[in-house]
Amino acid sequence: MVQHLLMVSLLFVFHAVAMATVRIILEPEDTMFSYEQRLLERLIILEQESASLRQRIETLERTTSPVKVTTEARLSKNHAIGANSRVMYDVEVSNVGGGFDFARGEFTAPVNGTYLVFVQACLGFSNMWLDLDIVKDGAVVGRVFSGDDAYHSCGSETVVMELHSGNKLWVAKVAGPATVLNEEHGRNSFTAVLLR
């Protein structure tokens, strides 16, 4: 579509140049100097219009090319977690867009948009529970609860939110006696996907 638009635009420009040249040549009272001056002025205008068209086409191509951001991080083994500490995921399943920083345990939105965020937490012992907060730039935007009286358990939370480029998300323990996220009976994971 964009290439078709470019081709039509260029044909229009070439047609305009041809018509202007014919009109200039057919005016007999002009001197050679005035002819060259008008021709040069028209060429300058055409160059400016061509540059403007190129810029518009580049803008259209950028806005119609979808940006992809998909992050999935998880734990490779059981993970000890203390009060108010971040979950430090250590396995990169997907990190298209480079948003997840494993050294800091946080996701940084690379572009503005609507994101789906999913967090799952699993415990391996009965009679244990914990709450994990999903935190955006210091403010809680979601909470995962996991716990059971008799069985292993997994809890999850899904949040859809608007993020601006540079917003940061992380997962941190805020409550509960459980001190280990168990990777043997479920998958502890963080997922963020740019929807639009």
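**Notebook: a disulfide, a sheet and a ring cluster**

I began with the cysteines and found a disulfide joining Cys-122 to Cys-154, with 2.0 Å from S to S. The term covers a pair of cysteine sulfur atoms within 2.5 Å, and by that rule I count 1 disulfide. The pair links distant parts of the chain: Cys-122 sits in strand 6 (residues 113–123) and Cys-154 in strand 9 (residues 153–163), 32 residues apart. Strands here are DSSP runs of E with at least two residues, helices are runs of H or I with at least four, and both are numbered from the N terminus.

A note on what I am looking at: this is a predicted model, in which local features need pLDDT of at least 70 and side-chain atom pairs count only at pLDDT 80 or more, while totals for chains, interfaces and linings use all residues. Residues are numbered from 1 along each chain as its sequence is written, and side-chain values use heavy atoms, with hydrogens and water left out.

**Entry: more on the disulfide**

Which hand does the disulfide of Cys-122 and Cys-154 have? The torsion about the S-S bond is about 110°, so I noted it as right-handed. I then looked up accessibility, where buried means under 20% relative accessible area, exposed over 50%, and partly exposed in between (1.4 Å probe, protein chains only). Cys-122 is buried at 0%, whereas Cys-154 is partly exposed at 38%.

Next I traced an open sheet of 5 strands in the order 4-5-10-7-8, with antiparallel pairing. Strand 4 (100–101) and strand 8 (139–148) are at the edges with a single partner strand each, so one side of each has no neighbour in the sheet. For two strands to pair, DSSP must find at least two bridges between them. As background, strands of a sheet pair through backbone hydrogen bonds, either parallel or antiparallel.

How many bridges join strand 7 to strand 8? I found 9, between strand 7 (residues 128–136) and strand 8, which run antiparallel. One detail I liked is that Asp-133 has Arg-143, in strand 8, as its bridge partner. Their side chains also meet, in a salt bridge of 2.6 Å from N to O. Asp-133 is buried at 4% relative accessibility, while Arg-143 is partly exposed at 42%.

**Entry: salt bridges**

I counted 6 salt bridges in this model, using a side-chain nitrogen of Lys or Arg within 4 Å of a carboxyl oxygen of Asp or Glu. Glu-183 and Arg-74 form one of them, at 3.6 Å from N to O. Glu-183 is in the loop between strand 11 (180–181) and strand 12 (189–194), and Arg-74 is in strand 1 (residues 70–74), so the pair ties together parts that are 109 residues apart in sequence. I marked Glu-183 as buried, at 14%.

Asp-90 and Lys-77 form a salt bridge too, at 3.9 Å. Asp-90 lies in the loop between strand 2 (79–80) and strand 3 (91–96), and Lys-77 in the loop between strand 1 and strand 2. Asp-90 is partly exposed at 39%, and Lys-77 is exposed at 55%. I also noted a network of salt bridges that links Arg-86, Arg-104, Glu-106 and Lys-168.

**Entry: the core and its rings**

Then I turned to the largest nonpolar core, which has 28 residues. Such a core is a set of buried Ala, Val, Leu, Ile, Met, Phe, Trp, Tyr and Cys residues joined through side-chain atoms within 4.5 Å. Which element gives the most to this core? Strand 6 does, with 5 residues. Tyr-89 is among the residues with the most contacts inside the core, and Tyr-89 is buried at 3%.

Rings of Phe, Tyr and Trp (its six-membered ring) pair if their centres lie within 6.5 Å; planes under 30 degrees apart are stacked, over 60 edge-to-face, and the rest tilted. Tyr-89 and Phe-100 are edge-to-face, 6.2 Å centre to centre with 70° between the planes. Phe-100 is buried at 6%. The rings of Phe-100 and Phe-102 have centres 4.8 Å apart and planes at 65°, so that pair is edge-to-face.
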